[in-house]
Amino acid sequence: MAYLTTRARMSSSFSLEVVMNQTAVQIVKKVDGTYVLDKAALHGILQQNNILTQKVAVLTVAGAFRKGKSFFLSNCVRYLQCQKDGSDWMEPTAVISGFEWKQSRDSVTEGILMWPEAFMTEDENGEVAILLMDTEGAFDHKSSMTQCATIFALSALISSVLVCNVMQDIQEDTLNNLQFFASYGTYALEKTDNNSPFQSLLFLIRDWQNDDEYGMEAGERLLEEKFKLHSSCAPFMQQLRKDIKRSFSDMHCFLLPSPGSKIIKGSEGTVTVDDMDEDFREGLCDLIPQIFDTLITPKNIGRMEITGVDFLSFFEAYAKLFASGDVPEPKTIHDATVEATHQSALKASMEFYTTEMNRSFSQISDRQFFEESKLQSMHSEAMNAAIKTFHDAKKMGNLPQYLEMLVEQITNKFEERFLKDNQNRITVERVRKDKEEAERKKIETERKAREERARYEAEQERLRLQAAKEKREKEEAERKRAEEARRYEEKLERERREKEERERRWAEEQKRERERMGREMKEQRERERRESEERERRWAE
């Protein structure tokens, strides 16, 4: 991709092992000989990780059945997965799996299949989701030429890069099969500003055996030779080549050798990288990085890079054209593309109007509303800006009825949503104010009742306190009298005890005095006795 980086990552949190065990999702099925889009399946893939709002780049492989388309896409899946986790996508023991393929006489892929995960990368304007699609093989015994043309047409209409998978060489029948694109391209160029209706076409020449030169440079030389206008070439074939070149914004060619007998006889999940012939491995290592680093760009229709939502709308519109089982006229497809671009612009403009009005309403609280004049002014400004968005959007052709539809849808949206919402806010605010007034009156009544009750309770409390005070004063007086009586009694009792104590002490002192005098008299007599005895002893001696 010219301005896409090589940083690729999974758009979901699934591990490499889990993704490799997944299978492609059939988004276009064959029902009673016609092809029908499974919108739910496609939407299920696009709704992951906001892919619906991201730009998309689509790689589709188309061509004859049993020529290795699914095997090639399985290698693309493995390359992108390994880019995401930084592992070696050419690890010799790595098992090659992804889109179902096997050795068989019958075609394996039916309708159109898409890998269930998108691979996210970035360009200068933001993120881009890369989608991989496989198509039913053409020219088997079960498919008519109309059915083959249908698959080719759908693939080219919705692809950023259409890989035309052919064996050994670009033959005239290959170019004849592109006649449908040439006719559509010629018609589309007449109706537009000479921008090619399709994006990149890559001729992938498989099992190239004419010489030993492989790769993009050798392929470009082959492409130049095949599209050179020789004088000996019939006028019809000269015009066909001119129309094909004008139908695609750019064309490339890559020459690949045979993958080897082990791959040819193998099937999905049974062979490894090491089973490929070395020349083939080298070719893949050259081709696949070039596709995702240089060739693939965001899908654009009518000069407009489309998002996942647009991709779904365009796919659905184109699928309806082919639902009849017949290849529609180029004019029919062009008209459908013109209408789809206008539908996309209409949707984007409506989303812009809704976003602007939502933004205005988000700036006020749920209890606020706009005055009628202010609301009408906001509506007019947002509608004029949405109309400008519609005019500025890149569209094919001019369908004035879509502008009328935009004005009508905006008016309906305003009346049914924003005007009604504002009226509801006014009603709710009026009811809220009435309720608040009633609540205020109720609160005021309750406040007065509480105040009256409080005054009554305060008076009762005052009387109770007064009575309690008088009771306390009376009790205090009685207590004081009782205390004075008690103190007088205690004083009398104390004086009585003191008198008794004095009398007791006096009696004890008298007693002790008498005892002392008795002891002294006794001691005196004892001394006199001993002295008498001592005198008698001395006399006797």
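Guide: Let's begin with what a salt bridge is here: a side-chain nitrogen of Lys or Arg within 4 Å of a carboxyl oxygen of Asp or Glu. The idea behind it is that side chains of opposite charge can pair when their charged atoms come close. Keep in mind that this is a predicted model. By that rule, the count comes to 33 salt bridges.

Now go to helix α14, which covers residues 400-540. Arginine 447 forms a salt bridge with glutamate 451, and their closest N and O atoms are 2.2 Å apart. Both of these residues sit in α14, four residues apart, which is about one turn of the helix. How open are they? Arginine 447 has 31% relative accessibility, so it counts as partly exposed, and glutamate 451, at 34%, counts as partly exposed too.

Further along, glutamate 483 pairs up with arginine 487, with 3.2 Å between the closest N and O atoms. Because they are four residues apart in helix α14, about one helical turn separates glutamate 483 from arginine 487. Arginine 487 is exposed, since its relative accessible area is 52% and the exposed label goes to anything over 50%. There is also a whole group to find: Glu501, Arg504, Arg505, Glu508 and Arg512 are joined into one network by salt bridges that share partners.

For another kind of pair, look at lysine 226 and aspartate 169, whose side chains meet in a salt bridge at 3.6 Å, N to O. This one links distant parts of the chain, 57 residues apart: lysine 226 is in helix α7 (residues 216-226), while aspartate 169 is in the loop between β8 (161-167) and α5 (172-177). With 13% relative accessibility, aspartate 169 counts as buried.

Back at α14, it has a neighbour to meet. Helix α13 (residues 372-392) packs with α14 at an angle of about 150 degrees, and their axes are 11 Å apart. That angle makes α13 roughly antiparallel to α14, because the cut-off for that label is over 145 degrees. The crossing of the two helices is right-handed. Who touches whom? On the α13 side you'll find residues including Leu375, Met383, Ile387 and Phe390, and on the α14 side residues including Leu403, Leu406, Ile410 and Phe414. The residues of this contact divide into 13 nonpolar, four polar and no charged.

Terms used
Residues numbered from 1 in each chain as written. Predicted model: local features only at pLDDT ≥ 70, side-chain atom pairs only at ≥ 80, totals over all residues. Heavy atoms only, no water. Axes fitted to C-alpha atoms, helices over the stretch in contact; angles between N-to-C directions. Parallel < 35°, antiparallel > 145°, perpendicular 65-115°, else oblique. Left-handed = near helix turned anticlockwise from the far one by under 90°. Contact = heavy atoms within 4.5 Å. Nonpolar A, V, L, I, M, F, W, Y, C, P; charged D, E, K, R; others polar. Buried < 20%, exposed > 50% of the residue type's maximum accessible area, 1.4 Å probe, protein only.
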